[in-house]
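User: I would like to go through this structure term by term. For each label, set the value against the cut-off and then conclude.

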Amino acid sequence: MSAQHWIEPHPTGIYVRPADAWIDPSTPRDRALVTHGHADHARGGHGHVWATRETLAIMALRYGTASGTAVDYGEEMRIGGVTIRYVPAGHVLGSAQIVLDHAGERVVVTGDYKRRPDPTCTPFEPVPCDIFVTEATFGLPVFRHPDTGSEVDRLLGALHAHPDRCVLVGAYALGKAQRVITELRARGHRDPIYIHGALERMCALYQDFGVELGELRAATGVPAKEMRGHIVIAPPSALNDRWSRRLPDPITAMASGWMRVRQRARQKNVELPLVISDHADWDELTDTIAELAPTETWITHGREEALLHWCMTRQMRARALALVGREDEDEG
Amino acid sequence: MRAFSQLLDGLVYTRSRNGKLDLIADYMRRAPDPDRGWALAALTGNLDLKAVKASAIGEMIRDRTDPVLFEMSRDYVGDLAETVALLWPKAEDQPPEIDDGSLTLSAIVDRLQGVSRAGAPAALAQMMHHLDASGRFALLKLATGGLRVGISARLAKTGFAQAFGLDVDDVEQVWHALSPPYAALFDWAEGRCERPDPAGTPHFRPFMLAHPLEADSVDLSDYAAEWKWDGIRVQIVGTGQETRLYSRAGDDITGSFPDIAGAFSGHAVLDGELLVKGEFQGAKEHGGAAASFNALQQRLGRKAVSAKMMVDYPAFVRLYDLLLEGDEDVRALPWTQRRARLEAFLPTLDPTRFDLSALIDAPDFDTLADIRAGARDAAIEGVMLKRRDSPYVAGRKAALWYKWKRDPLTADCVMMYAQRGHGKRSSFYSDYTFGCWTEDGELLPVGKAYSGFTDEELKWLDRFVRTSTVNRFGPVREVEKTLVLEVAFDSIHDSKRHKSGLAMRFPRIARIRRDKPPHEADRIETLRRMIA
């Protein structure tokens, strides 16, 4: 593929030579194109960042102010002879795929994505291309996420079955927590939801961008009995931490695509595994590649071997990239 | 099936014993007959569907998935039934990932009891289409036996007893007079008929267990010492007409050990250590030798055992205690009296299958400590201390029985290969092969360990393996030889199986030595000097 002379995968990110810019670099660079706000894609310390308004706000929250150019979905810009467009990836608020056109070729870098509906972000937009750079977090056929509504119903079922306890849901602070809250609201759950201190600023940011989260209350400094019969959301690291001892006999739940494998849930001492993911499952990954029919697929992080094999058996060109530092499992 | 698969999921995820009991009790009260009877049979390991072999699962999935993707998935998930349950492709006309409610547990059992071995894969596949992932998992576990949901037969019976306000020992007494789906048991439990007659059925009694010794010493005029043998505790229950063997958890393991059960025709209940004949642990001066636990493991968990197995791994029981003699319950008697009666009982037994756990003759505790330290050569784990006046009581009671294990040896080794684990550690690289240096600076494997680390350390080790892989051989990853592991082990022996000529006993990871450069790890010759 001739595009290989202008776009180069490196362990520390994807380098776009004519633009002299890096996509999701894991080390500080002068010019960075960032797909979304998760820490394994958006690092601090870059010179200049191009990202969506939402992603820039998330990066500012996490790393302090950074100099950046806010890019709207669909807006075209030219950097060093490359035409660049950000289109929605459906992963978390502000997440984008980066579409690069140069020398008559098109490369799409998805960052992370999913295809199913998510009330907190704009849905994935498929863009036909020559080189499709995809994630593969759940790149094994055992990962098939069930319907989100039925998972949320299980959460509400456990809550209502134990009015003297609370359900503590482990959810990644950026994206998953807000998605779980909006999915609960969509199922008619109007009660206040208690949140861990580490989620407060990110939830406020989502609300500033117009995502309705309903009534949220700080879980810290509240008497345990007030939280009985309520849902408490905390980052996964807090589930088995001393922090959770303050809660009224919590049922420990976790919202993650990893929860599909029961030993994974057991390893994390989860009693109520909820298979709710912000990543494409196996069917979504393979359907997307089949739909876009790129000349070549590059597979970044996750279980790339299986997806690579799937492409090969269909006579589709594919290669696995070894990017460092990707895949924070809490994010699944 | 949905209620049953949810019960199994609940049992897998619930940590507390009381939580598990509540789930079982709740199911037993609510589920219809005869579903709940079959569920109770499955939970207690009494449901035997002979036509379905694990190979049926393989056969069923082979035509339906890409074999490479299947192997990758299985390697990741770590369990055949779960892998198949998760990636099962539903037929076009079936609702996706939904249990359509068309299959009851009893319908499934009826179907599988009626099917031939050749027909099993098709029958299973047809049922798989109607279930969700949890239901498919439950079906496959049910069909092949061994639910592995972390509960013992005893716990299942306790949950059943709790559901109907019964005493579990009363349930235990009638249990072996009944068979699945236990209609008479449920009739009794719900007050529809009299208690079934348990006369003459050999039932399980809970074991007496030991605490680790924490005090610096005990007075040997109060405590008797025995060797701690490395097999499994077993209870032999004979009625004169029938003999059964029970494991520590109350599981009936008679089927795996017909050589033992067949050699016992007495009317008594005995407690002992199930071992395989051999020379690995102990010697004549310890009251007899025995093969390693590894040899015994070849015989465990089998529904049926071949004649060759019994010849290659001949089992015997080293007796510790006597609970009942005839109809007389002697558990309340002091240990000294029970021991005397056990010694008197022994001559009635087949000496090739039963011997007596020898007492260690030591005048004082310091001498005992020396004897225990010296037993490292004999590969004995440690010593048991039993209060001479202790009655035989269920569970661990303070100050009655102690186990006193030896301190381990340690060596600094370098990680060489890693493999994914199973069960709780599945999908993590948790099995490590490590090596030490030869004179010529070559690293040779000296052992393999898959325990000893904390969950946090496991996460770190897993990450190390993933980021340091230099080679892959199927499921095995070779890693950069940069990480030093402090390995603890009970003893080390000559071995022809390994190139290093060494074999460790009970190796486990004691510490991760990130601070230590790999060339400072131990040399083979240092380990060789530890051979006692």
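Analyst: The radius of gyration is taken over C-alpha atoms, and the globule rule is 2.2 Å times the number of residues to the power 0.38. This is a predicted model, in which local features need pLDDT of at least 70 and side-chain atom pairs count only at pLDDT 80 or more, while totals for chains, interfaces and linings use all residues. Residues are numbered from 1 along each chain as its sequence is written, and chains are lettered from A and ligands numbered from 1 in the order in which they are written.

User: How do you know that the radius of gyration of chain B agrees with a compact globule?

Analyst: For 532 residues a compact globule would have a radius near 24 Å, and chain B has 26 Å, so the two agree. The C-alpha trace of chain B spans about 65 × 65 × 40 Å along its principal axes.

User: What makes chain A as compact as a globular protein of its length?

Analyst: Chain A has seven helices and 19 strands; helices (H or I, at least four residues) and strands (E, at least two) are DSSP runs, numbered from the N terminus. Its radius of gyration is 20 Å, close to the 20 Å from the globule rule for 332 residues, and therefore chain A is as compact as a globular protein of that length. The C-alpha atoms of chain A fill a box of roughly 65 × 45 × 30 Å along the principal axes.

User: Why is A:Thr288 called buried?

Analyst: A residue is buried if 20 or more other C-beta atoms lie within 10 Å of its own, exposed if 12 or fewer, and partly exposed in between, with C-beta atoms placed from the backbone. A:Thr288 has 20 other C-beta atoms within 10 Å, so it is buried. A:Thr288 belongs to helix H6 (residues 282-292) of chain A. In chain A, 51% of the 332 residues are buried; in chain B, 42% of the 532 residues are.

User: Which residues is A:Thr288 in contact with, leaving aside neighbours within four places in sequence?

Analyst: Two residues are in contact if their C-beta atoms, placed from the backbone, lie within 7 Å. On that basis A:Thr288 is in contact with A:Arg115, A:Pro126 and A:Ala280.

User: What makes helix H3 (residues 35-43) of chain B mostly covered?

Analyst: Nine of the nine residues of H3(B) are buried, including B:Trp38 and B:Leu40. The helices that these buried residues pack against include H1, helix H2 (17-30) and helix H7 (105-114) of chain B. Just after H3(B), B:Gly45 has a positive phi of about 75 degrees.

User: Which residues of H5(B) meet H6(B)?

Analyst: B:Ser73, B:Arg74 and B:Val77 of H5(B) meet residues of H6(B), among them B:Leu80 and B:Glu82.
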